[in-house]
Amino acid sequence: MTPLTTPHSILPLVIVLIPLLFSMAVGYLGKKAEHYRNVLAVFVTGITFLLAMILYLKVSVQPVGFYIDTFLGFGLNLCVDSLGAFFTLLSSFIWFLATVFSWTYMSHEQARSRYYFFLLLTEAGCLGVFLTGDLFSLFFFFELMSLASYPLVVHAETKEAMDAGQSYLFLGVAGGLSLLLGIILLNGFLGTVALQPLLHKMYGLGAYRYLIAGLLLVGFGIKAGMAPLHIWLPKAHPVAPSPASALLSGIMIKTGAYGILRVAALIFTPPGEGFSWSFVNTSGFLIIWLGIVTMSMAAFIALFQSNIKRILAYSSVSQMGYMLMGIGCAAYLGLDGPVGFSGSVFHILNHAFFKAGMFMMVGAVYARTHRLQLTELGGLKEEFPVTAFTFLIAACGIAGVPGFNGYASKTLLHHALVEAFHHGHVSLWYAEKIFVLTSACTVCYILKLYRGIFLGKRPYDLEAVAKEPLSEKIVFGAIAFFIVCIGLFPQAVLAKVVLPLSRGFIYDHHALVHLTEINFWTVKDLLSIVITLGIGVGLNLFLSKRGLFNIKLPGWLSIELLIFRPVIRALFFAFTSIGDCLEKAINNLVFWQVIRALLFVFTATGDCLERAINSLYMKGPAPSGKGKPVLQMLFNLFIKCGETTNKLLDGVFVKGYRPFLALSKALDSFDNVTIQRWGGKTAYLGSVTRESIYSTWMKGITLYLKRTHSVSRKAFFALIKADYDTKGDPFYQMINPLNYNFDLFVVWSVLLIILILGLQLI
Amino acid sequence: MLLTERCLSSLPYFILVVPLAAGLSVYLFCRERGFLRQVLVTLSTIIPLALVLLLVPFIQKGIVLTGKLDLLPPLGFSYRLDRLSLYILVLFVFFGFFVSLYTQEYMKNDNQENSFMAFLLLVLGGCYGVALSGDFFTFFLFFEFMSLMYFVLLAHGQHERSTGASLKFLFMAIIAGVVLFLALVIIYRETGSLAFGSSGLITDSSALNMIAFVGFVIALGIKAALFPLHLWLPDAYTYAPLPAAVISSVIMLKTGVYGLMRAFGDVFGFAFLKTLDWSQALLMLAAVTILFGSLVALSQDDLIRRLAYSGIAQVGYIILGIALLSETALIGASYHILAHAFMKGTMFLCAGSIIKGTGLRKISRLRGVGYRLPVTMICFFIASLTAVGIPPFNIFISKWFIGMGALESGLPLLVLVLLISSFLNACYYLPIAINAFLGKKRQLHHLFQDVQEASLYAAAGLAGQTADLHLGFGGGWAEPPLRMMLPTLVLTLGCVIFGLLSSNWPLELIKSGLKAFF
């Protein structure tokens with residue numbers, strides 16, 4: 001599966017790109033012409049199917065591949081081996097049938113163009129999962145499929161659908177991230193995520209091996225509906241439109257099984273006999289039990305459902321348990337694992353036909369009656385003769401009646417489980433008993449479904465029901481044809497189709513040869529299936545006679561109510577309340593409280609200091625009367641100094657003032673007598689002269705100022721034109737500094753001057 | 001060749017001067033002249049873009065342009081354009097052009113339009129200066145200039161809490177400036193140089209150098225909204241006009257991260273830091289930032305606030321990538337700068353279109369808004385897928401590299417942190433996009449109730465609050481005009497295109513550019 005060793009072929013890329021690109025064309029065309037859109041969609045899926053067939057024939061000789069090494073900085077590896085090509089073929093075929101079926105079914109639904117767009121987009125993602133040669137590229141398409149199928153699930157947009165879609169989306173995203181974490185760890189430790197045996201490189205990793213394996217198992221297990229991660233499945237499958245449910249149950253959950261198969265039976269195996277297989281055994285044992293729990297629990301719950309699509313959804317979970325158990329056996333048996341491998345792959349093939357078929361047949365009934373409750377249906381055999389007949393065939397298939405396809409794969413799975421018991425752990429004896437009991441439950445609920453819809457008395461309010469159209473007859477007929485064909489020639493299908501798929505896997509050659517010679521029609525196998533059928537039919541008769549089918553299972557049995565919902569609610573509450581508290585605490589409280597606290601500390605410190613200084617320096621004597629405040633003391637001292645100086649000066653100067661007094665009197669007489677007599681006339685003359693000179697001078701000055709002021713005013717306004725308003729001449733408006741933000745202008749011009757000076761210095 | 005280089009080496013001055021001069025002239029002359037302002041803003045953002053594109057082929061070849069102006073001796077202004085700065089600069093001028101285009105339309109007929117555009121250009125000029133600077137002194141000056149101008153930009157908000165928010169930013173920016181200055185003084189005293197381009201100036205682990213290291217982390221961490229230092233961000237985004245949030249989240253946060261890269265690579269040297277355990281605390285803080293941002297975003301009902309907290313988490317990835325000190329992680333971190341800018345840019349622009357078109361801000365009221373703004377909400381949806389890290393989109397690439405870097409450093413737990421954050425991203429982004437298109441349409445009586453509430457508020461004269469009560473399903477086509485649409489579409493394309501092109505140009509550029517550090 002490495003790009004270097006495989007021959008170059010662009011076919012895988014084309015198969016992915018055709019639905020991817022044409023999905024947009026279909027979505028666009030839907031707005032113009034509905035009829036052509038339907039034709040184009042059928043045409044696209046048909047072409048994809050043909051190309052897948054060519055690819056399958058090509059790959060059956062040798063793996064081919066295509067490699068884009070610049071994609072996302074990691075490289076897109078589209079190398080296909082026979083297992084991938086086989087799943088591609090199967091998926092594209094079922095997709096083709098479902099698209100044909102959509103034509104009539106979707107005619108009564110809303111938002112048809114959206115439906116077709118996402119239908120083809122999902123096909124691209126789903127086929128891409130099977131067409132990739134390493135986990136990284138697989139993850140890319142896995143995510144595309146998960147997200148693109150979300151609008152299919154919530155198509156009805158009712159509250160129920162939105163709730164189901166929510167768990168579908170978030171579990172899908174969580175699964176994807178778990179997968180991504182596993183892939184990153186794997187790539188980080190080993191440097192490669194190619195689909196090839198890698199266990200021998202992981203011996204040094206210790207506990208990380210278990211972590212990686214667990215993460216990958218959870219990631220794929222969510223998609224595969226593995227218990228206890230299946231809770232999205234019984235909600236999401238019934239609410240989707242029937243062709244989409246058929247694809248979800250028939251194909252898309254198989255990507256999970258495919259991933260687990262690749263991981264458990266390929267990546268986590270050593271490349272040969274010379275290595276330790278103990279890790280594979282452990283993981284295989286775990287997966288067997290996970291499968292057993294899944295199948296039995298879901299089959300038991302399916303017994304007591306009354307919604308027909310919900311029964312089928314639980315049945316899907318249960319059948320996924322079969323496949324998981326087969327994969328577990330394949331891993332558990334190690335080199336002798338082909339029986340488990342072929343059992344699970346064979347069952348995937350069979351389940352794709354009968355489950356997709358049953359969903360579509362139930363959908364055909366729903367499209368005409370708009371009822372999903374088993375109690376409101378019944379006796380529809382006259383209107384749907386072909387549907388009823390093909391449903392019976394599909395029911396025989398799922399129940400494992402000899403001659404129909406389910407018999408072969410279930411027998412193989414049974415062989416695998418028995419072989420695992422013989423090789424290994426004692427507890428697997430119980431597993432085998434549960435397996436038989438689960439098969440009986442399957443018979444029971446499928447019989448209930450058939451009787452409830454097609455047989456029995458018709459409710460009085462169900463009168464005029466439209467008949468099935470031709471296209472549906474053809475689709476259902478094709479499915480029934482394949483079911484019977486595989487059922488009649490299981491030997492050939494096993495040897496020619498299923499066993500060659502194990503080429504990339506590490507298996508003992510003898511075990512493979514032994515498996516090609518297996519006989520399906522031994523008395524032992526037939527007897528065990530007859531016992532199973534007997535128990536199933538008996539159980540059905542017993543339960544229906546006692547009216548026990550309609551009892552409601554108590555709520556505490558539901559894993560979802562018991563574990564998931566409280567946990568999610570608690571987590572969500574915890575997250576949001578933590579977030580809220582943190583936000584409020586840190587964002588609003590802390591910052592401003594810290595600022596406020598700092599401010600308080602600062603002001604309080606300032607206040608205290610001020611008070612202390614005040615009381616120390618300014619105010620009156622302290623109450624004790626002992627010490628005086630410093631300032632008071634200084635003041636008193638100062639005053640005392642002044643008083644003393646005053647006294648001293650009094651003593652010196654006041655007593656020696658007499659000579660000065662005489663001088664003063666003499667001067668006084670000169671001033672008041674002599675000057676008054678002679679100086680009066682002179683002073684008068686002088687003042688008159690001064691007055692006249694002054695007035696002349698002032699007149700001149702005033703005149704000058706008046707003239708110059710008016711001239712300069714005119715000149716100034718002529719130049720600056722400051723009296724223009726803002727609506728005036730735009731040029732003046734621009735150069736007029738009054739229109740600037742003046743302070744800013746000053747700042748900038750100073751900066752500019754500094755800058756210019758600086759530049760000149762350089 | 002010599003002549004060419006001399007010609008080229010004068011171009012960076014123009015890249016810097018053009019937006020600054022244009023910002024100034026817009027502020028002074030364009031208050032009454034809308035057309036002139038449009039011309040100036042468009043020219044001043046497109047000229048740097050053109051000049052940078054002119055420089056790209058030369059720098060990519062390995063030429064390093066340097067230059068110096070002795071303006072403030074003894075240190076002086078210097079620029080240096082190597083591959084890493086080119087990468088950052090290309091991002092800045094590209095987003096600068098588209099964001100200013102968007103802002104022109106968004107702020108149209110706002111009474112503060114002119115000064116807002118002017119300060120936007122000044123902030124952009126500061127950011128270009130940060131990207132171009134050739135030593136930490138120049139870096140510091142432009143960093144401070146940018147912060148102060150951004151403070152003015154924030155203060156344009158009309159909300160009653162805008163002033164508080166912008167003051168908060170100012171306080172933190174001042175603290176950042178002071179602490180950065182302290183660190184620079186220490187480094188200059190110890191080594192006598194602050195220039196970029198030497199892989200490691202510091203050679204001993206004295207206590208003083210450690211203080212400088214912590215100073216760098218605090219100062220640049222404030223700008224990049226590292227966990228205990230992020231306080232300014234949510235309020236600033238929420239209460240400022242939306243383009244201010246866009247410019248910060250797309251360009252300005254990245255200057256802090258870029259400075260951290262330069263400090264780690266050029267001042268301390270990754271090889272030297274690897275021998276010490278100084279960056280362990282930063283690693284812890286980054287992890288806490290990622291989880292904290294995502295958790296708090298989950299509980300927000302205001303669209304912008306949710307985006308703000310998500311931005312804190314996303315920048316946490318970048319800091320985580322830097323703190324891991326390995327080349328792979330650093331490539332992831334650098335690429336995340338681009339990836340986050342495209343993703344968050346798209347989201348903010350979409351949020352702006354929603355607010356402008358419908359007046360809705362509360363996420364709980366956005367139900368069915370996709371019928372009124374289909375193109376915008378599809379863009380938002382693509383961006384939210386990008387945020388979760390779905391493969392063909394950008395963030396997946398960066399997360400992949402950061403995760404690989406964490407494994408190289410032997411810390412697988414950090415990968416788990418990244419993925420938990422991715423899951424939380426899905427939890428808080430996808431419902432917005434899904435509820436915009438799908439789900440049961442609102443019942444008629446709800447619509448009537450809204451109408452009643454709206455008229456009540458209108459009667460009470462609370463016109464501002466009626467904006468929040470517009471009807472999701474009611475009303476018609478609300479797509480924004482072309483000048484808001486075009487940037488949104490271009491950014492959305494950017495989320496998608498790099499992973500699908502045959503050669504991822506930015507990734508190759510960083511890969512060769514970061515070789516200098518290792």
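Predicted model: local features only at pLDDT ≥ 70, side-chain atom pairs only at ≥ 80, totals over all residues.

Colleague: Is B:Arg37 buried or exposed?

Modeller: The relative accessible area of B:Arg37 is 8%. The cut-off for burial is under 20%. So B:Arg37 is buried.

Colleague: Which residue forms a salt bridge with B:Arg37?

Modeller: A salt bridge needs a side-chain nitrogen of Lys or Arg within 4 Å of a carboxyl oxygen of Asp or Glu. Here the closest N and O atoms are 3.2 Å apart. The partner of B:Arg37 is B:Glu113.

Colleague: How many residues apart in sequence are the parts that B:Glu113 and B:Arg37 tie together?

Modeller: Helices are DSSP runs of H or I with at least four residues, and strands are runs of E with at least two, numbered from the N terminus. At 14% relative accessibility, B:Glu113 counts as buried. B:Glu113 lies in helix α4 (residues 113-132) of chain B and B:Arg37 in helix α2 (residues 34-61) of chain B, so the pair ties together parts whose separation in sequence is 76 residues.

Colleague: Which residues are linked with B:Arg80 in a network of salt bridges?

Modeller: Start with the pair B:Asp82 and B:Arg80, whose closest N and O atoms are 3.3 Å apart. B:Asp82 is buried at 11%, and B:Arg80 is buried at 17%. The network links B:Arg80 with B:Asp82, B:Arg262 and B:Asp266.

Colleague: Is B:Glu327 buried or partly exposed?

Modeller: B:Glu327 meets B:Lys515 in a salt bridge at 3.8 Å, N to O. That pair links parts 188 residues apart. At 26% relative accessibility, B:Glu327 counts as partly exposed.

Colleague: How many salt bridges are there over all chains?

Modeller: The pairs above came from chain B, among them B:Glu113 with B:Arg37. The search covers the whole structure, and the total is 21.

Colleague: Which residues touch the most other members of the largest nonpolar core?

Modeller: A nonpolar core is a set of buried Ala, Val, Leu, Ile, Met, Phe, Trp, Tyr and Cys residues joined through side-chain atoms within 4.5 Å. The largest one holds 430 residues. Those touching the most other members are B:Tyr150, B:Phe216 and B:Trp232.

Colleague: How are α8(B) and α9(B) oriented to each other?

Modeller: Axes are lines fitted to C-alpha atoms, for helices over the stretch in contact, with angles from 0 to 180 degrees between N-to-C directions. The axes of α8(B) (residues 232-239) and α9(B) (residues 242-268) come within 8 Å and cross at roughly 140 degrees. Under 35 degrees counts as roughly parallel, over 145 as roughly antiparallel, 65 to 115 as roughly perpendicular and the rest as oblique. Therefore α8(B) and α9(B) are oblique.

Terms used. Residues numbered from 1 in each chain as written. Chains lettered and ligands numbered in written order. Heavy atoms only, no water. Buried < 20%, exposed > 50% of the residue type's maximum accessible area, 1.4 Å probe, protein only.
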